[in-house]
Structures are given as structure tokens and as C-alpha cells.
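Please open the model in your viewer and keep the selection panel at hand; the tour moves from one selection to the next and says what is there.

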Amino acid sequence: MSRHLPIRAVGFIVIVVTLLVSSAGSQAQAAALGHYAPAVLNIRDYFMPEPGFYYAQYTPYYHTDTFHDASGDKVSSILVKPGPGPGATINVDAKVNMIVFAPALLVSTDLKILGARYGAFINPTMANSNLSTTLTTRTLGGKSVEQTNYAWGDMYVQPIWLLWSTKHFDIDLAEGFYAPVGKYDTTNVTVASTTVTVPSSSNVGMGFWTNQVQTGAAWYPFDNKGTAVAAALTWEVNSKMEHVDLTPGQRLAVNWGASQYLPLTKDQSRLVEVGLTGYDQWQVTNDTGSDSNNVNDQIHAVGGQLGLTIVPSNVAINFRYLHEYSARDRFMGDWYSVSFAVKAF
């Protein structure tokens, strides 16, 4: 179903139309979204591994060509009303393909804080995005855009990571922040005779700080922990965007999954991991500022995970696919992700 979408805040119009692409492990999105991308981490990645120093590499790929309005319906046009008057109708035909290069350095220790093991990690990002947009408007004529960006994205730092473990349960609590170190700029555009400042379509960074609190629990029905049922909650609190009068609202994400290790060899030195996974993410408070649109977005996805663990080498490789099946006030697409992790020492 294709519908007409009325939007009053012109700052959001340009972000929607030009498909502002952001990373830090986050996705290509419309309007003002948060940093956390719930499609990237594997089912068991929320829980600290055994003590050591680890290198992990996440390489997610995202494709979307569909934007959904506040009612969850597919949108093909937007109404720009930056001020009094009838405004302008813009038809949108857009596609985004994005690949993110996201290395992570992790440390897991035997240090105990409140009975929990302590760890930390840092995650810089770099993204390569391809933007293909065709716009037609009754007042501005037609415009086609072909654009590819490759630049540093924002960086996530998690200085607090605590894990409480028992024979059949893991519970974790983490606190971190996203630093706006990625490529970010603004530009002036004129729509319906009004000139406004908006984030540039060539951005990879998001232009604001985010504080993130995360907690999760995993249940292992058997003593060997070969089977896991896990869930994690992630809460984001965002600061004001640079050079734009907009502070993105707070966000809540729920990641869930179940995974099973299966031995490939008799000595169990090679293990296959199969899993069912998904996520649900909601904006729980309104955006604030003159460029806000007072529509709270949400996204829901389901998919699967397949992995290989080489036990003697302390190496794990995983492939994930997730399909976003429901969305409101944001783009909806598909995620493909390859990751590996290795214990350095």
C-alpha cells in the first residue's frame, strides 16, 4: 500500500528524502533515530566471554527501499510544510545499500565488582553507503541523486561491563556512550520558499552523543551451556544534534534469541551454532526542538544465525540474516552480517 505522508518539520523532510545514512554499527534511517543497531550483535555477544583479550570484527550490510509512515503504511510521497501556505508535494523513489566495518577490542577480567566479573570494550566504525534517490515535486521539478560515501562513523565506548554467572544463568549489566566522531555536516536547503539548515546527505556520523545502558539474561538448560535462551534490553538517551534544533527521543530495544551448539567432530573441537533471533525497537519519548515531528518510530525484525567455532584456536565465525517485517516512521529493510571473534591472549 502506498500512501501520502504529511510532515511539517522541514528538517525531517530532507533527512527522509536524502536518506541520511549513519553508522556506529547503526543503520540507514530516516528522521532522528538512535545509535544502537539491534541487528548487529550475535545472540551470545551480550555476555562476557572467559577472561582474556579479544578482537571481534562485525561487517553488517543493510538494504532498504521502503519507508513507512506513523501508521505503518508504505510511503511514496511527502508533503513539505515549513510554514504557512499549501507547501509542496515530493514523490520519493529511494534505495540505500550500506556496509559497515566495525572492529571491536574487548577485555574480560577476573576482577570482581559487586560479585560480578568486570570487562570493557571499544568499537570504532567506518561505513560505505550507496544512496540512489529519485525525487519529483510539483514545485521544484525533478532531481536524481547517485551518491556513495565512505568515511568514519561514530564510536562506541563501553567502560562498564559486569557479568554475574551461575551454572545455568548469566546476567549482565553495561553502560557506555557513543561519541560523535564520525563524518557529520549540515547544509542549507530551500523548500517551498523557505531556507532551513539540515544534516547533510553525505553524513556517516549522527552528530550527537548517546548514553546507553544495557542489561541481559541468558538461561542454559543443560550443564554444558550448549543450549542458550537469551534476551537483552538496551536504553538510549540522546543529546542535541549539532547545528540542528533537534534532540532525538529516548529509545528502548529488546533483542531475543535461542542458540544451539552442535559438534562437527567427535572431540568437539569444531562446533556449529544455529539460532533463531530477532529484535523490537521503540522510540519511547518524543523528539524535542523546532525540527521535531512528534512521531515515535518503531521497528521489528526476525531472522536466523549460523556459526562455526574452532575451539583449539579460540575463533568463532557467524553469519546473520534478519528481515524487518514491521515499521513505523522509518525505513524497513534487510540485514546481512558476517562477524568473527578471536581470543588474542
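Begin with the lining of the second largest cavity, whose residues divide into seven nonpolar, four polar and one charged (Ala, Val, Leu, Ile, Met, Phe, Trp, Tyr, Cys and Pro count as nonpolar, Asp, Glu, Lys and Arg as charged, and the others, Gly among them, as polar). The model is a predicted one, in which local features need pLDDT of at least 70 and side-chain atom pairs count only at pLDDT 80 or more, while totals for chains, interfaces and linings use all residues. Residues are numbered from 1 along each chain as its sequence is written, and side-chain values use heavy atoms, with hydrogens and water left out.

To display that lining, select Leu41, Asn42, Ile43, Tyr46, Ala230, Ala231, Ala232, Asn255, Trp256, Gly257, Thr277 and Arg320; a lining residue has an atom within 4 Å of a cavity point, and a cavity is a set of points on a 1 Å grid over the protein atoms alone where a 1.4 Å probe fits but cannot get out. The space inside comes to about 70 Å³, a volume being the space filled by probe spheres set on the grid points, which are joined across faces, edges and corners.

Next, select Phe121, Tyr156, Trp161 and Tyr178, which form one aromatic cluster; rings of Phe, Tyr and Trp (its six-membered ring) pair if their centres lie within 6.5 Å, and planes under 30 degrees apart count as stacked, over 60 as edge-to-face and the rest as tilted. How many aromatic pairs does the structure hold? The structure holds ten. In one of them the rings of Phe121 and Tyr156 have centres 5.7 Å apart and planes at 55°, so the pair is tilted. The rings of Phe121 and Trp161 have centres 5.5 Å apart and planes at 75°, so this pair is edge-to-face. Phe121 lies in strand E5 and Trp161 in strand E8, so the second pair ties together parts 40 residues apart in sequence. Trp161 counts as buried because its relative accessibility is 3%, buried meaning under 20% relative accessible area with a 1.4 Å probe and protein chains only.

Finally, move to Ile299 in strand E16 (residues 298–310), which counts as buried because its relative accessibility is 0%. Leaving aside neighbours within four places in sequence, Ile299 is in contact (heavy atoms within 4.5 Å) with residues including Tyr279, Glu324 and Met332.

Definitions and conventions
Helices (H or I, at least four residues) and strands (E, at least two) are DSSP runs, numbered from the N terminus. Buried means under 20% relative accessible area, exposed over 50%, partly exposed in between (1.4 Å probe, protein chains only). On a 1 Å grid over the protein atoms alone, a cavity is a set of points where a 1.4 Å probe fits but cannot get out, and a pocket is an open set with protein on both sides within 12 Å along at least five of seven lines; lining residues have an atom within 4 Å of a point.
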